[in-house]
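Please look over the structure below. The report that follows covers its loops, helices and cores.

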Amino acid sequence: MQQPSKMNEEELVEYFRTQMRTDPDMASAVAAIRTLLEFLRRDKGETILGLRESLKWATDCLTEVDSSVAVSSGGELFLRFISLTSLEHQDLSRCKKVMEERGELFLEKISLSRTKVAKLCHTFIKDGAKILTHSSSRVVLRVLEKAAAEKKRFTVYVTESQPDTAGKQMADALRRINVPVTVVLDAAVGYVLEKVDLVIVGAEGVVESGGIINKIGTYQMAVCSKAHNKPFYVVAESFKFVRLYPLNQQDVPDRFKYKADTLRTVSDLSDEHPMIDYTPPSLITLLFTDLGVLTPSAVSDELIKLYL
Amino acid sequence: MPGADKETDLTERIEAFLADLKRGGSGTGPLRGSGEMARETTYLLRRITAQARWSSAGDLMEIIRNEGRRMTAAQPSETTVGNMVRRVLKIIREEYARSRGSSEETEQQESLHKLLTAGELSEENFRQHFVLLKANVIEAINELLTELDGTTDNIAMQALEHIHSNEVIMTVGRSRTVEAFLKDAARKRKFHVIVAECAPFCQGHEMATGLSKVGIETTVIADAAIFAVMSRVNKVIIGTQTVLANGGLRAVNGTHSVALAARHHSTPLIICAPMFKLSPQFPNEEDTFHKFVSPHEVLPFTILCILTFLSELKVNSVSSPELITLFISNIGGNAPSYIYRLMSELYHPEDHKL
């Protein structure tokens, strides 16, 4: 039987895009990891070092397609996974078999992570609560679905989230499950906060300091919640933990701030609008992850356990 | 038959304990103070381990979990009961792992590392039978009891590092731990203590009498005067009923106001709390942890018409971790942001919800 040939760039990108298309509910990091696993299966390399090099190349290809933090963190996690496994088995073919098995298991486990997060978070939503959220996040949607399923009555305010008005999608999804929802302007966050009981947002990446990287406008919301003394909760799966330590907005690398096409075509980025911002840990009350409910100081502990 | 006698004796003891817990809520039962409650719970759990019928660690954990649920349901505001049950469950897990020969102390927690390197999705079901498990668990529970006995002394031993001569210390209400802490420091240092009386039970008065008996200069103030006096205070040292998982507190009414006043004047707020008060709950999760008592302390029973307005008094308040400077416990001083680590050492994540 003919073995499938090694994936080249087009096949890689096509596979990634197909994954994202067939399951719109899948996180982009999960799609990236699935793609890399398929790449691993078809790889013809003879050495582990060669394998690592080709995987790094594959991750770079994927980040050119989708420059979000999540894809980058998914790729790094996969590379780490390869390194850890290769330390245990010296023989390449055995190593690859073990990697493929563990890779499948890993994918299975992380497909359950959103459910775990929803189970932890929905108890913090009380009956009659008014919730504010930013843009469209599938994890937040899952949490709110679980709370609605537990027969809690709550209303949601969603920011419209320019420039792609993703907030409207979130509002549609919530209307479908019969949750009263209002779309507000991004500029109206301060105005609406006095009515709101708690703020829940998703995250594209969780950084080492315990802060988050998320759609532009999140930082503003966090600062306003602090001023109004409202709890600011973040819900994120654990594969979004990334090895960055930004101290301010400028420290976030440009490759995350702008879309992939923008990075390729535009030469002077100072005229472009960034798509994400960084929220420092001092503004975050609690993070809900599939590893448990964490205070921002506990996040770096988790990352150290993995990377050291 | 001796077996049946033991079992009925055990059930009787459990029922008696539950009844005590229910009565203990009003502050008048035989169980006063969380230290005694923790000790009683641990004795009872040791007895259950010794006398109940179980063949594997899984069975024992089920029994203890069921009893634990009943105990926490009897008095939800006493979190030390639940904490001790969780400690014992962790002890059982550790002893089981040790009997199996795996050094699994750090691998029991969920982590990214574990996600990447673990083998199967299967869970430990604790079904293996080990002959020595009972003896090991009982020995470990005895160690826990020794630790519980020594907590107040361990905390008091650290007093000299934190209290200096000629300082003005403020405290609120009555806490046995803080009393021992201050008395220990008074052996070598001269300082002044201001006690807020803490209406309506005015336990501050008992605290002040206790402190002045050992020669500490004490002043009692009304709760309303806390903010006014705060500018003269060097440190605020208080006890608490529970330490929450985010580093916050659930303590006697008025603690939050003291914490805010201390923050306003940039006065350090030190909490003396033994480790058994650390609970894996977060604030907002359950509102059933507020204790309500009858208003007879405030209004005499003869004023019937006003009872429709004031039917209960809330006696607990919740503080957030940003207001706290330091936690002093029997294992040393820690920052509130470090509480998550202490918690992961004491309790297993699967036991957070009994």
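A:Ser135 lies in the loop that links strand E1 (129-133) to helix H7 (138-149) of chain A. This is a predicted model. A:Ser135 is not a glycine, yet its phi is positive, at about 55°. Most residues other than glycine have a negative phi, and most peptide bonds are trans. A:Ser135 has a relative accessible area of 6%, so it counts as buried.

A:Asn178 is another non-glycine residue with a positive phi, here about 60°. Its loop runs between H8 and strand E3 (181-184) of chain A. Is A:Asn178 buried or exposed? Its relative accessibility is 69%, above the 50% cut-off, so A:Asn178 counts as exposed.

The loop between strand E2 (154-159) and H8 of chain A holds A:Pro163. The peptide bond leading from A:Gln162 into A:Pro163 is cis, and its omega is near 5°.

A:Gly167 belongs to helix H8 (residues 166-176) of chain A. Its relative accessible area is 0%, and therefore A:Gly167 is buried. Which residues does A:Gly167 contact, leaving aside neighbours within four places in sequence? They are A:Ser135, A:Val158, A:Thr159, A:Glu160 and A:Ser161.

Helix H1 (residues 9-22) and helix H3 (residues 48-65) of chain A pack with their axes 10 Å apart. The angle between them is about 55°, so H1(A) and H3(A) are oblique to each other. Their crossing is right-handed. On the H1(A) side, the contact is made by A:Glu9, A:Leu12, A:Val13, A:Phe16 and A:Arg17. On the H3(A) side, the residues are A:Trp57, A:Ala58, A:Cys61, A:Leu62 and A:Val65.

A:Thr35 sits in helix H2 (residues 28-42) of chain A. Its relative accessibility is 0%, so A:Thr35 counts as buried. Residues up to four places away in sequence aside, A:Thr35 touches A:Leu12, A:Tyr15, A:Phe16, A:Gln19 and A:Leu62. A:Leu12, A:Phe16 and A:Leu62 also take part in the contact of H1(A) with H3(A).

## Nonpolar cores

The largest nonpolar core has 64 residues. Which of them touch the most other members? They are A:Phe78 and A:Leu132. H2(A) gives the most to this core, with nine residues.

A second, separate core has 63 residues. Its members include A:Val143, B:Met230, B:Ala259 and B:Ala273.

## Chain B overall

Chain B has 354 residues, and 50% of them count as buried. Its secondary structure comes to twelve helices and twelve strands. Take the contacts in chain B with a separation of 6 or more: residues 24 or more positions apart account for 79% of them.

In helix H11 (residues 255-264) of chain B, the buried residues include B:Thr255, B:Val258, B:Ala259, B:Ala261 and B:Ala262. These five cover an arc of only 165° around the axis, so they are on the same side of H11(B). B:Ala259 is also a member of the second core. B:Ser266 follows H11(B), and its phi is positive, near 55°.

Helix H12 (residues 339-346) of chain B has B:Ile339, B:Tyr340, B:Leu342, B:Met343 and B:Leu346 as its buried residues. Why are they on the same side of H12(B)? They cover an arc of only 160° around the axis, which puts them there.

What covers the buried residues of H12(B)? Chain A contributes helix H13 (296-307) to the cover. From chain B, the cover includes helix H4 (79-100), strand E5 (242-243), strand E11 (326-329) and strand E12 (332-334).

Conventions:
Residues are numbered from 1 along each chain as its sequence is written. Chains are lettered from A and ligands numbered from 1 in the order in which they are written. This is a predicted model: local features need pLDDT of at least 70, side-chain atom pairs count only at pLDDT 80 or more; totals for chains, interfaces and linings use all residues. Side-chain values use heavy atoms; hydrogens and water are left out. Buried means under 20% relative accessible area, exposed over 50%, partly exposed in between (1.4 Å probe, protein chains only). Helices (H or I, at least four residues) and strands (E, at least two) are DSSP runs, numbered from the N terminus. The arc is that of the directions from the helix axis to the C-beta atoms. Contact means heavy atoms within 4.5 Å. A nonpolar core is a set of buried Ala, Val, Leu, Ile, Met, Phe, Trp, Tyr and Cys residues joined through side-chain atoms within 4.5 Å. Axes are lines fitted to C-alpha atoms, for helices over the stretch in contact, and angles run from 0 to 180 degrees between N-to-C directions. Angles under 35 degrees count as roughly parallel, over 145 as roughly antiparallel, 65 to 115 as roughly perpendicular and the rest as oblique. A crossing is left-handed if the near helix is turned anticlockwise from the far one by less than a right angle, and right-handed if clockwise.
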